[in-house]
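Trainee: I would like to go through a structure step by step. Please show it to me.

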Amino acid sequence: MPKTTAERQAAYRAKRPLAGVDNNGERRINTWVNTGTALALERLARHNGITRREMLERVLLAEDARVTVGMDEAEREAYL
């Protein structure tokens, strides 16, 4: 018997904690941003030929790397 829409969605959501290339899972981010920020994200993603999700991931990971590059072990531990 075919699964219902609710059953398919439940199965999809159950897989999210182990999804991704490193099996480290994925987490949902749901937030409001101002219109200028949303439009900038859309422009950057389109300019780079990637999705908004990929653009957001790139920007956040690049900033995280920039902030942590000069940290010693104690600073990194406090940051994490």
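Trainee: In what order do the elements of the protein run from the N terminus on?

Mentor: This is a predicted model, in which local features need pLDDT of at least 70, side-chain atom pairs count only at pLDDT 80 or more, and totals for chains, interfaces and linings use all residues. Residues are numbered from 1 along each chain as its sequence is written, and side-chain values use heavy atoms, without hydrogens and water. Helices (H or I, at least four residues) and strands (E, at least two) are DSSP runs, numbered from the N terminus. The protein has four helices and zero strands, and from the N terminus on the order is α-α-α-α.

Trainee: What radius of gyration does the protein have?

Mentor: The radius is taken over C-alpha atoms, and the globule rule is 2.2 Å times the number of residues to the power 0.38. For a compact globule of 80 residues the value would be near 12 Å, but the protein has 18 Å.

Trainee: What share of the 80 residues is buried?

Mentor: Buried means under 20% relative accessible area, with a 1.4 Å probe and protein chains only. Of the 80 residues in the protein, the buried share is 6%.

Trainee: Which helix gives the most to the lining of the largest pocket?

Mentor: A pocket is an open set of points on a 1 Å grid where a 1.4 Å probe fits, with protein on both sides within 12 Å along at least five of seven lines; lining residues have an atom within 4 Å of a point. Helix 1 (5-15), helix 2 (35-48) and helix 3 (52-68) each supply at least two lining residues. The most, eight residues, come from helix 3.

Key
Buried means under 20% relative accessible area, exposed over 50%, partly exposed in between (1.4 Å probe, protein chains only).
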